[in-house]
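Please look at the sequence and the structure before reading on.

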Amino acid sequence: MSKEERTSAADFIRAIVAEDMKTGKWGGRVVTRFPPEPNGYLHIGHAKAFCLDFDIAAQNDGVCHLRFDDTNPTAEEQEYIDAIQDDLRWMGCDWGEHLYYASDYFPQMYAYAEQLIKAGHAYVCDLTAEQTRQHRGSLTEPGKDSPYRNRSVQENLDLFHRMRAGEFPDGSRTLKAKIDMSSPNLNMRDPVMYRIIHAHHHRQGRTWCIYPMYDWAHGLEDSIEGVTHSLCSLEFENHRPLYDWFLDKLGVHHPQQIEFARFNLTYTVMSKRKLRRLVEEGHVNGWDDPRMPTLRGLRRRGYTPESIRECMRRVGMAKFTGTTDIALLEHCLRQHLNKCSPRVMAVLRPLKVVITNYPDGQTEQLEAVNNPEDPTAGTRSIPFSREIYIEQDDFLEDPPKKFFRLAPGREVRLRYAYFITCTEIIKDAAGRIVELHCTYDPATRGGDSPEGRKVKATLHWVSAEHSLPAEVRLYEHLFTCENPEDVGEGRNCTDNLNPHSLQVISDCRIEPSVADTVPGDRFQFERLGYFCTDKDSSKTKLIFNRTVTLRDTWAKIQKQQRQTNR
RNA sequence: UGGGGAAUAGUGUAAUGGCAGCACGAGUGACUCUGGCUCACUUAGUCUAGGUUCGAAUCCUAGUUCCCCAGCCA
């Protein structure tokens, strides 16, 4: 990390941290934490939060804890704990020894609760959930005191002990903080601290049957760990007075909670609930479907951690809830992939071309550059022969203006190979073009004309005989509109699903150099886009995902032409 | 409706009383053995109305719009 990166206050949160470091508010320490609840997979929205947490710690020689906020046994599973760590490691996050679980603090939290009861700040309440709701009042009306609000300390202590001992059924009693039932902030109207849940906890088993609520637990977790800056999203702003109240009443280490706007992306949804629905209703093929904004999905799609981090850096940090254009993410992706992806030639929709003046049965090896952006990537050789495939899109019998590619009588370059000229179109009975006959110019071997003759286009190609069959999965945005959640009454985001978000092409051809590819390998298929080998791919059946297309100026021209012809 | 927040080009974000800048997008052109990359240029903004000030995106007043809160979820 450069000195500038370490010292610059790029946003309002880093400015606060920098100021605290200057004044020595926390003794020159920075401790942050990323506290996911293990009840789902991480998505790119989380990336904004954990990049901030881990980077701020690193930039200040501090530490960032990974803490699983496992305070609700009914939703949480070990599977998610493993997956979250796997995703975070992939993203390059380093928590060192600092892996913690909120549930490990349950004894300490219990002791703190007793302390609050003894100080008269908490009481056991026998109201049902429904009654509690009624007592809470509304946005405009104050709440009413619970009839159990003024129990003696002794009785509260006794009942609380018996709650913990398992004497009462689920939902029969709660421990509540005694604050102010008429507070305009609903969170301060005697919030529940503990509820009774007789359930198996994925780590604690049956040790506990009372579980702390978020507001009670979270500040304690931060405090116990010596966190200095507790960074969270905007919806917790209303909870900060409660966070502060608990820690003040306890008189313990009191971190500063700072809120920021969460990350939204166009053409996708981000809430766990909606993502779960996409999976459960079969709109996608699991949590790691390459169309999903989950980190697992993005990873399988071929995204790099670097590009996600770069996007987060560019998005910045503010308190305005906006939506980032997915074009920014894709720009960061292309920028990184352009630098690091080896180039390869693949033909998605093959059109056979016979080079009529090329010797039958002859094969030669031609040298191709692996990555023009990276001289150290070297070269490879690719086989050329009399019959090749080109892209169907690269030939037009009756080319419109500005179409530079192959057409009857026109000469183009085959990349790294020869100039060819189209001499004949072969059609089937239905009039479909099934084959092209071309001639080549032997003097242009390697792709250049010795006398400096120019061509307007360079096409990618593969040798028919030597190329490998492959399946390619093309992805588009999962939804057809920028904000899929913006739907009318009685409709939901699945109404905006893009029916073309996945297109499988099974008869592609790819150059033989990729024969040994393994899942996760990334390539640029020249002139098409960036692709990566899917986890379903094998030696006998090659399968690639399109990560993102190249910028496509021709597609834009076509779109313009279509509009002007209308 | 009570409370808590937020409003700067199409989008995201700087400027903390002193030249409204950057990035993405869009458009035009140059270059090119990828219609890629790269480069150049263009486009376009302070929510509204008052006020303070030599000077306001920034301070004050009033308003407008948007987001969050009535789980024994986090």
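An N or O atom in the side chain of Thr-553 lies 2.5 Å from a phosphate oxygen of RNA strand B. This is a polar contact, that is, a pair of N or O atoms within 3.5 Å. The table lists this contact with two others.

| Residue | Protein atom | Atom of RNA strand B | Distance |
|---|---|---|---|
| Thr-553 | side-chain N or O | phosphate oxygen | 2.5 Å |
| Thr-71 | side-chain N or O | phosphate oxygen | 2.9 Å |
| Phe-404 | backbone N or O | base oxygen | 2.9 Å |

The model is predicted: local features need pLDDT of at least 70 and side-chain atom pairs pLDDT 80 or more, while totals for chains, interfaces and linings use all residues. Residues are numbered from 1 along each chain as its sequence is written, chains are lettered from A and ligands numbered from 1 in the order in which they are written, and side-chain values use heavy atoms, without hydrogens and water.

Around RNA strand B there are 63 residues (a heavy atom within 4 Å). Those that come nearest are Arg-343, Arg-405, Arg-413, Gly-446 and Thr-553. Of the atoms of RNA strand B within 4 Å of the protein, 63% belong to sugar and phosphate. Helix 14 gives the largest share of this surface, five residues; helices here are DSSP runs of H or I with at least four residues, and strands are runs of E with at least two.

His-229 lies in strand 8, residues 229–233.

Methods
Polar contact = N/O pair within 3.5 Å; in protein donor to acceptor, adjacent residues only side chain to side chain.
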